[in-house]
Amino acid sequence: MTANTASNKLTWREFRSSPAYANRRDKTLTGLKNFAIGLFRLIVIAGISYVILAPVINIIANSFFSRQDSINPMVFTIPISPTLERYTMAIKYLDYLPVLGSTLLYVFGVTLIQLLVCSMAGYGFARYKFPLKSILFAFVLVTIVIPLNTIQFPLYTTFRFFDPLGIVSLFNGGKGINLLQTPWPTVLMSLFGCGLRSGLYIYIFNQFFRGLPKEIEEAALVDGAGTGRTYFTIMMPNAAPAVITVAVFSIVWQYNDSFFANTFNISDSILVTRKLESLINVIANAEKIQTIREQQLYFDAGVVLVLVPVVVIYLLLQRRFIEGVERSGIVG
Amino acid sequence: MTAIRRKRSIFHLSYEQRNAARGYRFILPWLIGFLVFYAGCLVQLGEFSLSKIGLDAATGMTKEYVGFSNYIEAFTSHATFKQTLTSSLIDMMIDLPMIIFFSLFVAMMLNRKFKGRAVVRAIFFLPIILSADAVGNAITRATELVNAGVSGASLEAASAGGVSVAYYMELFGELAIPDSILGYIVDTVNRISTIIKGSGVQIILFIAALQSIPGSLYEVARIEGATGYETFWKVTFPMVMPHIITNTIYTVVDRFTSSEVIGLATRTYKELYNYGLSSAFSVVSTLVTILILGLIVYLLNKRAFYYN
């Protein structure tokens, strides 16, 4: 370069064949290529983000619409006379705070149980040798492949006439206890490793524990820790990435779950998502709202209210969640 | 060490036996649950599908063996079962490759470092959160309102969205694109939001898979002068292949759980109280799905390369 600029006698033809020209041309081309790739990525990401976010934005915007806005064809997304009335009504008829409280209690309780039971099973499969182990682990995979939806009706009858080992019928000579409409079926099933996607969680924990060095436990054993203690004080803290991954999955899926809620008819005074299903009809009847368009606005407010907690939880945990997924060897 | 200090039990166990006992202790809750709830219910399902079931709060459950009549009814006289089953399976088959390609593509994009990656990742995983059924209905309706042009929720909404699918159909029609291809394109565009929403977990799995590919392989490829295209097909793709199988399984199961045929089985027992028939639906649809899944996994597995 310096040679070129110092002696300006180079003709264009000479310059074109000089290495300096090739160098500069390559640089420009690479720059252009990177710019094009960046632009392409930006367009694709913007497009996909739009598809994901547009309905959410639409719902949030609608939940602030007043009656005039909803019938005014000029109004799109940004309300002219926004109102909070949808929210006050939705909170009132959802019985929001108490029901949300019990929902969160249910979700967190089930998640804790899932974490304990699934990590134990995953650890047992990863670290111990016992007869029939490979067959039993194949059964774990079967529970992933054949979803609970297949056995929904037998599950329904199991908990409709719940009678473990015939104990109940010994006492009242009846047909077992009706556990439907209570959260107990979910709790019981999670406790025995058959909860929502438990198979997947066992698989994740198994993969993770297999990746941890064996020396950790040997050291604990030499120092005199028993099996249980090694597991709770040494292995679980080391499994933090897997625990976070499973916890986020479990919280989000359990909160959003409709399978357990509908199969066992869990009462809508316990689950806010169940209550949301009937919100439109309740508000329409109680407040004498006839237009479907306006009923929908109340429903939109309800949807926002139901989504807020789980989005907050996700945003709080998402950084550690993604790190956890990358480090937990979730894919083996 | 601990073992020595402990009291000797009457049952003198070797180290292996004690270890096996510990292993069983860890998996015990799951094992009980599997046998009682899962395996028990699967057996019951088979039994129910061969019976006529009556449910009554006063008398409990009554079963009457009727042989294969539920299956015969499902395949011969039931109005919608066969159509629902085939359309569910076809939907699954169309969605599957698209979800796999899309999620691999997005994972590769998100795996690069660029400004605002954290925000983009948070947005892309949002569909996992928004998948609730109750919420899902609202989201579907909002999606229809927003992309009214494509989905055509209603004529009015379409004009509000500013895009008219009829106009584009006409436009492409004049370009003399065959109807079948045009139909496929329109169908794909219609599915875009389904595919994006169904890809959250798959993207996560693929990102984790991409992170686990040793960097030295890419280094070698670069030194040997491989282009980006070659690097993808010779390094990334083979290394990701086992995870494509994992994702295939996940996708098929996920599509199956939310499929219309499962909904039909639910409605049959919840609203029509035809418990035996509902069980037969479940058995048939599950068997067919597993058969297809097994076939796909077998075909993919033949081409897979396992690094370890």
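**Helix pair in chain A**

Helix H6 covers residues 96–127 and helix H11 residues 198–211 of chain A, and the two pack at about 50 degrees with their axes 7 Å apart; axes are lines fitted to C-alpha atoms, for helices over the stretch in contact, and angles run from 0 to 180 degrees between N-to-C directions. Helices (H or I, at least four residues) and strands (E, at least two) are DSSP runs, numbered from the N terminus.

I then listed the contacts (C-beta atoms, placed from the backbone, within 7 Å): among the residues that meet are Gln114(A), Cys118(A) and Tyr123(A) in H6(A), and Tyr201(A), Phe205(A) and Arg210(A) in H11(A).

**Provenance**

I noted that this is a predicted model, in which local features need pLDDT of at least 70 and side-chain atom pairs count only at pLDDT 80 or more, whereas totals for chains, interfaces and linings use all residues. Residues are numbered from 1 along each chain as its sequence is written, while chains are lettered from A and ligands numbered from 1 in the order in which they are written.

**Wider view**

By an automatic or database domain assignment, chain A divides into domain 1 (2–62) and domain 2 (87–327), and their centres, taken over C-alpha atoms, are 48 Å apart.

For chain B I recorded 16 helices and 2 strands, and I found that 66% of its contacts with a separation of 6 or more join residues 24 or more positions apart.

Terms used. Contact = placed C-beta atoms within 7 Å.
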